[in-house]
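Biologist: Could you walk me through this model and show me how to read its features?

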Amino acid sequence: MSASLRAESQVKNMKHSRLILLLFAIVLLFPASLSAQTSGKITGKVTLGDGGTALGNTTVRLVQLNRNVVTDSEGNYEFADIPPGRYTIIAHQEGFVDLAKNLVMVGAMTAHVDFQMSLTGPRAQVVVTATGSKESSFAAIQPTETVNANKILERNNGGLADSLIDEPGVNKRSATPASSRPVIRGFDGDRVLITTDGLRVGSIASQSENHAEPIDVLALERIEVVKGPGTILYGSNAIGGVVNAVSRHED
């Protein structure tokens, strides 16, 4: 074979190789191009209610793709390269109610999904008591409450019950302010025991609303109210509770 024929053959082989490489590159780029044409994007903003205050550092989750992003300081977020399909997006931040929204992605669309978050309400447990009013579970099981001398002076209107009227579960019954007597969780009369420094007073005020307990509330250091199972130590007539008046002791 002459040199010219060999050169011509080499040129043909090079052209053939270049054609193969070109076709191979086209095959590799075609899926990426197709993906770019069919993938979409989801953007949005997370704010506090309708006021428009941006909520940064909020986690936004794309459930079906198991992808999470965090909003920036302006409350914005973005998911890129989203294939067509049906999706659920959840916005979460501590102290706020979680929100979820659904959307359908078609082709290379850009969807804009905003969230208006609201604060979570208080979750204190409430129990029903004999007073007919609601109390928190903490207050309901509190065995002993104490009213100090300052509160006694602040609340005092002459009767023992008036010094306790703002305490949880305590009400009063009286014919006059001077003869008021505590009603604890709906229990009255001889079901509420009155003591002074731990000793029973023994007055007839438990039997008649016209009689006052012989206690000078302005001379007290504090008043203790015992409720719950601890009252069983004081006998059956303390089933509603015990009010113990503690006198001032001069050193």
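Predicted model: local features only at pLDDT ≥ 70, side-chain atom pairs only at ≥ 80, totals over all residues.

Biologist: Then which residues is Glu167 in contact with, leaving aside its neighbours within four places in sequence?

Modeller: Glu145, Val147 and Arg155. Glu167 itself sits in the loop between α3 (149-155) and β13 (170-173); helices (H or I, at least four residues) and strands (E, at least two) are DSSP runs, numbered from the N terminus.

Biologist: Is Glu167 buried or exposed?

Modeller: Buried, with a relative accessible area of 11%. The cut-offs are under 20% for buried, over 50% for exposed, and partly exposed in between (1.4 Å probe, protein chains only).

Biologist: How do I read a nonpolar core?

Modeller: As a set of buried Ala, Val, Leu, Ile, Met, Phe, Trp, Tyr and Cys residues joined through side-chain atoms within 4.5 Å. The largest one here has 18 residues, and Ile42, Tyr77, Ile89 and Leu103 have the most contacts inside it. At least two of its residues come from each of β1 (40-48), β3, β5, β6, β7 and β9 (115-117). Another core, of 15 residues, lies apart from it, with Leu164, Ile215, Ile223 and Val225 among them.

Biologist: And what does Ile89 touch beyond its sequence neighbours?

Modeller: Its contacts include Ile42, Tyr77, Leu103 and Phe115.

Biologist: How many aromatic pairs are there?

Modeller: There are 2. Rings of Phe, Tyr and Trp (its six-membered ring) pair if their centres lie within 6.5 Å; planes under 30 degrees apart are stacked, over 60 edge-to-face, and the rest tilted. Tyr77 and Phe79 have ring centres 6.0 Å apart and planes at 70°, so that pair is edge-to-face. For Tyr77 and Phe115 the centres are 6.4 Å apart and the planes at 45°, so that pair is tilted. It links distant parts of the chain, with Tyr77 in strand β5 and Phe115 in strand β9, 38 residues apart. Ring pairs join Tyr77, Phe79 and Phe115 into a cluster. Tyr77 is buried at 5% relative accessible area, Phe79 at 0% and Phe115 at 0%.

Biologist: Which residue lies over the face of Phe115?

Modeller: Lys101, at 5.3 Å from the ring centre. A charge counts as over a ring if NZ of Lys or CZ of Arg is within 6 Å of the centre and within 35 degrees of the ring normal.

Biologist: What about strand pairing?

Modeller: Strands of a sheet pair through backbone hydrogen bonds, either parallel or antiparallel. The criterion is that DSSP finds at least two bridges between two strands. β6 (85-92) and β7 (99-105) pair antiparallel over 7 bridges, with Gly85 partnered by Met105. They form a hairpin with 6 residues between them, and Gly95 in the turn has a positive phi of about 90°. Elsewhere, an open sheet of 5 strands with mixed pairing runs β12-β17-β18-β15-β16. β12 (144-148) and β16 (199-200) stand at the edges with a single partner strand each, so one side of each has no neighbour in the sheet.

Biologist: How should I read phi?

Modeller: Most residues other than glycine have a negative phi. Asn57 has a positive one of about 60°, in the loop between β2 (53-54) and β3 (59-62). Asp81 has a positive phi of about 55°, in strand β5 (76-82). Asn57 counts as exposed at 59% relative accessibility, and Asp81 at 60%.

Note on methods:
Residues numbered from 1 in each chain as written. Heavy atoms only, no water. Contact = heavy atoms within 4.5 Å.
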